[in-house]
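Please go through the following briefing with the sequence and the model side by side.

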Amino acid sequence: MKVIDEGPVQVQPARSARWKKHHAEDLAGRSYTFICVALLIVIIISIIYFVASKGLATFFRDGVSLGDFLFGTTWDPEGNQGEPQYGVLPFIFGSFATSLLAALIASPLSICASLFMTEIVPGWGKKLLQPVIELLAGIPSVVYGFIGLTVVVPFMRNVFPGQGIGIAAGALVLSVMILPTITSVASDALSSLPRGLKESSFALGATRWQTISRVILPTVLPSILTGVVLGMARAFGEALAVQMVIGNAPHIPRSLFESASTLTSVITLDMGNTVSGSVHSNALWSMALALMFMTFIFVLIVRLLERRHRI
C-alpha cells in the first residue's frame with residue numbers, strides 16, 4: 001500500500017491568530033479601564049480644585065477671618081445690622097446635632113433589624129425585612145421631607161413644647177433615611193461571620209443571646225461602626241428633607257425643639273439669591289468646602305475602622 005505524505009499540519013498560524021486576538025482584546029480592556037480610571041481621577045481632582053478655589057477666596061481675596069467664619073454666631077451677609085457677618089457656627093452645630101441624633105436613633109433599630117434577618121429568623125425574616133429596607137433606600141428625599149412636614153412636625157408640636165420644627169424633627173426624618181445604610185452594612189457583616197464561630201460558642205454551653213451579645217456583636221463591631229459612620233455621612237450631606245422640617249433659623253438652638261439650620265439647608269436656600277463672585281456667594285462655597293472636608297473625615301474614619309476589622 002502506498003502511503004501519501006501530506007506534510008505537517010499547519011496549526012501554528014491558527015494559534016498565532018488566536019493569540020493576537022486575545023492580546024488585542026486584553027489590550028482594549030486594559031486601555032478602556034485605564035481611561036475610565038483616569039477620567040474619574042480627573043473629575044474628582046477638578047471638583048476638589050473648583051470647590052477649594054471658590055471657598056478659599058472668602059479668606060484670601062475677600063478678607064473674611066477664618067476664626068470669625070468658623071466660630072462666629074451671627075450670619076448676616078447683607079449687613080442688615082451693620083457690617084456683614086459670616087459666622088457659620090450655628091449651621092455647623094445644626095449639621096452635627098441632627099446627624100449625631102439621627103445616628104443614635106437609627107443605630108439600635110438597624111442592629112436589631114440586621115440581627116433579626118441573619119441570626120434570629122434568617123429565613124422568612126430576611127424575606128420580610130429586606131424588601132422594606134430596599135424600599136426605604138429608594139424613596140426620594142423630598143418625599144421624606146414632605147412626610148416629616150405633615151406627620152412628624154404636627155406630632156412634635158402636639159407632644160413637645162415649641163412649633164414642632166427643629167433639631168428633633170430633622171433627626172427623626174434623617175434617622176429613617178439612614179436606616180437602610182446602617183442595616184445593609186450590619187447585615188453583610190453578620191452574614192460573613194464564619195459558621196464555626198457560633199458553633200464553638202454553642203458547644204461551650206452558651207445560649208443564643210449570650211452568643212449574640214458576647215461573641216457575634218463584639219466581632220462585627222468595627223463593621224457596625226463603619227455603617228454608622230456612613231449613615232452619619234449620608235445625614236450630614238442631606239439638604240432638602242432637613243430643610244423642610246428644621247426651621248432654617250440662623251442661631252444655635254437652646255433645645256431640640258427650637259428652629260435651627262444646617263450647612264446644606266443654608267446653601268440651598270441662599271445660593272440662588274447671590275451674585276456669583278460676591279462675598280456672600282464665596283461664603284456659601286466655603287460652607288461647601290467645609291462639607292467636603294467633613295466627607296474626607298468620614299471616609300478616613302471608615303478606613304481606620306476597616307483596618308480593625310479582622311475576622
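Leaving aside neighbours within four places in sequence, Thr264 is in contact with Phe236, Gly237, Glu238, Ala239 and Leu291. The model is a predicted one, and the values below are computed from it.

**Thr264 and its surroundings**
- Thr264 belongs to helix α10, which covers residues 263-270.
- With a relative accessibility of 6%, Thr264 counts as buried, because the cut-off for that class is under 20%.
- Glu238, one of the residues that Thr264 contacts, also takes part through its backbone oxygen, which lies 2.7 Å from a polar atom of the Thr264 side chain.

**Annotated region**
- An unreviewed UniProt entry places the feature "domain: ABC transmembrane type-1" at residues 92-306.

**Enclosed space**
- The structure holds 1 cavity of 30 Å³ or more, and the largest cavity contains about 30 Å³ of space.
- The lining of the largest cavity is made up of Met156, Gly164, Ile165, Gly166, Ile167, Ala168, Ala169, Leu256 and Phe257.
- Helix α6, spanning residues 167-191, gives the most to the lining of the largest cavity, contributing 3 residues.
- By residue class, the lining of the largest cavity divides into 7 nonpolar and 2 polar residues, with no charged residue in it.

Definitions and conventions:
Residues numbered from 1 in each chain as written. Predicted model: local features only at pLDDT ≥ 70, side-chain atom pairs only at ≥ 80, totals over all residues. Heavy atoms only, no water. 1 Å grid on protein atoms, 1.4 Å probe; cavity = no way out; pocket = protein on both sides within 12 Å on 5 of 7 lines; lining within 4 Å. Points joined across faces, edges and corners; volume = space filled by probe spheres on them. Helix = DSSP H or I, 4+ residues; strand = E, 2+ residues; numbered from the N terminus. Nonpolar A, V, L, I, M, F, W, Y, C, P; charged D, E, K, R; others polar. UniProt positions renumbered as here; feature names shortened; annotations may be inferred. Buried < 20%, exposed > 50% of the residue type's maximum accessible area, 1.4 Å probe, protein only. Polar contact = N/O pair within 3.5 Å; in protein donor to acceptor, adjacent residues only side chain to side chain. Contact = heavy atoms within 4.5 Å.
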